Amino acid sequence: NIGGAASSTTSLSAGSGSVVNLGGGANAAELRFLEPSGSGTNYTALKAQAQAANVTYTLPAADGSNGQVLATNGSGVLSWAAGGTGGGNTFKNRLINGSFMIDQRYSGVATTIANDAYCFDRWYVLRQSGNVQSSLIENAESSPNNIPNAIRLTNTHTSTQKIGLAQIIESNNCRDLRGKSVTLSFRVRTNVSSCTIRYAVLSWTNATADSVVSNVVNNWASTTYTTNNFFINNANIATITNPGTVTPTVDTWTTVTPLTVTLDSSITNVIVFIWTETALTASTGRIDLANVQLEAGSSSTDFEVLPRNVMMAQCMYYAQVIGGTVNGEVLMNVGTSKSQTQVFLPFQL
C-alpha cells in the first residue's frame, strides 16, 4: 500500500523510460484506488484481461471540454473528442453521403461528369482538363475494414490530368464549429504507382451563408497551397492549413493520416476537397475513395455508419429543382407537349 495517512506523500518513483510491472501470476493483478476512509473501504480498480498483444495508452496532455469523451486514434493515443448524443444517428460526420451509398442521379452507373458538376449526392468533381467518369464500387473492401461502397473517379481523358472530389457543407451544418478544431479522415486507393493524394479543409467566410464559389482551384500545376496559387484568389477563403498528403501503395486501400485544422471563427461554410497531386494516367488512371468523414475535435474516430434511409433523407433535402417552385414546393411538368399535368412534390429545399 502507498499512502494510508491523511497527510501522506508517499510515492512510487521510476527513472526516465522505466517500466513498473504489476502482476505476472496466473491471475491478472489490479491497480486499486481507495475511496476516502471516512466513506468506507470501496475502491476503483484497473485490470488487464487476456490479450493477443501489448496495449499502451498515451493520455491527453490536458483536460478536455465539457461533454467531450476519450477517443483513440487506433494506436493507443488518446485525445478528447466530441461525445455523441446516443441513438446511433448523431450526425458526427458533417459530410453527407461520406460512404457514397447514395447516387440518385446516375444510380452508380459509370457516367462522364463535367468539371464543377455533381456526381454522387452532395459530391462534385473538379478536374484539370478533360473527361472524368464517376462510378460505384460495391463491396469495395472486405476484411478487415468491411467497406460496402466506394466512389471511383477515372481519368477517361486522352491525356494525363489531375482530378478531385469536393463537398460544400451547408452553413446550418457547420456554423457551430466556428473557431474549433475539426478532423478529416478517409480511405483511398489508386491504380497509379507513386501517386500522391492531397486533401484540405477550407474555411469559407462570406457573410452571406451558402453563397460559395465551388471551383476552388486556380492553378492545378502549382504546389503552393495558398490563395492565388493552387487555390483561387478569393477573400472569402480564410488562411489555409497545409493540406494532408498520402502516397498509397498501388492498388491498396490506405487509411490517410487524419488532417486536423482549426476553422476560422467567422465561417459560413466549409469545403472539403480531395485531389491527386500526381496526374493520373490517360484513359485508365483512377482514384477510389471511401468512408470520408469530417468531425469535430482534434482526432479521428471510427467512421459513422448511418442507415440507408437516414442518408437518403439527408440527400433528398437537397433535391434538384426541376421546373421551379410554388410556395416552397417543387413543380414538375409531366406529359407531352400537347397535354401536361403539374405535379407538386413536397420536398423541402
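Strands are taken here as DSSP runs of type E with at least two residues, numbered from the N terminus, and lining residues as those with an atom within 4 Å of a grid point of the pocket or cavity. The structure described below is a predicted model.

In the second largest pocket, strand E11 gives the most to the lining, with three residues. This pocket has a volume of about 630 Å³, and its lining comprises 25 residues, among which Arg187, Asn291, Thr301, Asp302 and Phe303 lie nearest the centre. Strand E3 (68-72), strand E9 (147-155), strand E11 (181-190) and strand E17 each supply at least two residues of that lining. By class, the residues around the second largest pocket divide into 11 nonpolar, 12 polar and two charged.

The largest cavity holds about 80 Å³ of space, and of the 13 residues that line the largest cavity, Asn93, Leu95, Gly98, Glu304 and Leu306 are the closest to its centre. Seven nonpolar residues, five polar residues and one charged residue make up the lining of the largest cavity. The second largest cavity, with a volume of about 30 Å³, is lined by Arg94, Ile96, Arg122, Gln167, Ile168, Ile169, Glu170, Asn173 and Tyr318. The lining of the second largest cavity has four nonpolar, two polar and three charged residues.

When neighbours within four places in sequence are left aside, the contacts of serine 300 are with Thr72, Asn73, Thr183, Ser185, Pro258 and Glu295.

Helix H1 itself spans residues 308-316, and its buried residues are Met311, Gln314 and Cys315. These three residues are on the same side of H1, because they cover an arc of only 95 degrees around the axis.

Cysteines elsewhere in the chain are likewise found among the buried residues. Cysteine 174 counts as buried at 1% relative accessibility, and cysteine 195 is buried with a relative accessible area of 0%. A disulfide is a covalent bond between the sulfur atoms of two cysteines. The structure holds zero disulfides, a disulfide being assigned to a pair of cysteine sulfur atoms within 2.5 Å.

Conventions: Residues numbered from 1 in each chain as written. Predicted model: local features only at pLDDT ≥ 70, side-chain atom pairs only at ≥ 80, totals over all residues. Heavy atoms only, no water. Buried < 20%, exposed > 50% of the residue type's maximum accessible area, 1.4 Å probe, protein only. Helix = DSSP H or I, 4+ residues; strand = E, 2+ residues; numbered from the N terminus. Arc of directions from axis to C-beta. Contact = heavy atoms within 4.5 Å. 1 Å grid on protein atoms, 1.4 Å probe; cavity = no way out; pocket = protein on both sides within 12 Å on 5 of 7 lines; lining within 4 Å. Points joined across faces, edges and corners; volume = space filled by probe spheres on them. Nonpolar A, V, L, I, M, F, W, Y, C, P; charged D, E, K, R; others polar.
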